[in-house]
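Visitor: I am new to this one. Could you show it to me and take a few questions?

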Amino acid sequence: MTSEIQAKAKELAELILNSEEYQNYIKSKEVLKADKELYDKVNELRRRNYFLQVEGDENSIYDEMCKIQNEFAMIRQDNRVDKFLRDEVSLCRMIQQINKIVTKEIDFELDFF
């Protein structure tokens, strides 16, 4: 990677750090981290969701997702948890949009999806 590309990537990272999406994510994460037990439970929910999406068996993914949702239903009712998860999704969507723009502009073929 050239130094120019590295510099531009750092500029983009700085823009992301200053974005509303990132700032909201950081604030809600700090609120959540104030309750270590709750934060740990949320991270377990996030971890299980992630592995289900990445490695899950498509024949049982719906059942597994329901099981996880039922298991973590109580913490999902906490406004701090809800806000954090919504802010995390918002940040992820922004990063996905950036990736989509870059891959489109460089004609990086992703049609096999």
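Visitor: Does Ser28 count as buried or exposed?

Guide: This is a predicted model. Ser28 is found in helix 2, residues 20-33. Its relative accessibility is 4%, and the cut-off for buried is under 20%. Ser28 therefore counts as buried.

Visitor: Which residues does Ser28 touch, not counting those up to four places away in sequence?

Guide: Contact here means heavy atoms within 4.5 Å. With residues up to four places away in sequence left out, Ser28 touches Lys83, Phe84 and Asp87.

Visitor: How are helix 3 and helix 6 oriented to each other?

Guide: Helix 3 covers residues 36-55 and helix 6 covers residues 79-105; their axes lie 11 Å apart. The two pack at an angle of about 45 degrees. Angles under 35 degrees would count as roughly parallel, and 65 to 115 as roughly perpendicular. Helix 3 and helix 6 are therefore oblique to each other.

Visitor: What is the handedness of the crossing where helix 3 passes helix 6?

Guide: This concerns the pair just described. The crossing of helix 3 past helix 6 is right-handed.

Visitor: Is Asp107 buried or exposed?

Guide: Asp107 sits in the segment after helix 6. It has a positive phi of about 55 degrees although it is not a glycine. Its relative accessible area is 69%, and the cut-off for exposed is over 50%. Asp107 is therefore exposed.

Notes. Residues are numbered from 1 along each chain as its sequence is written. This is a predicted model: local features need pLDDT of at least 70, side-chain atom pairs count only at pLDDT 80 or more; totals for chains, interfaces and linings use all residues. Side-chain values use heavy atoms; hydrogens and water are left out. Axes are lines fitted to C-alpha atoms, for helices over the stretch in contact, and angles run from 0 to 180 degrees between N-to-C directions. Helices (H or I, at least four residues) and strands (E, at least two) are DSSP runs, numbered from the N terminus. Angles under 35 degrees count as roughly parallel, over 145 as roughly antiparallel, 65 to 115 as roughly perpendicular and the rest as oblique. A crossing is left-handed if the near helix is turned anticlockwise from the far one by less than a right angle, and right-handed if clockwise. Buried means under 20% relative accessible area, exposed over 50%, partly exposed in between (1.4 Å probe, protein chains only).
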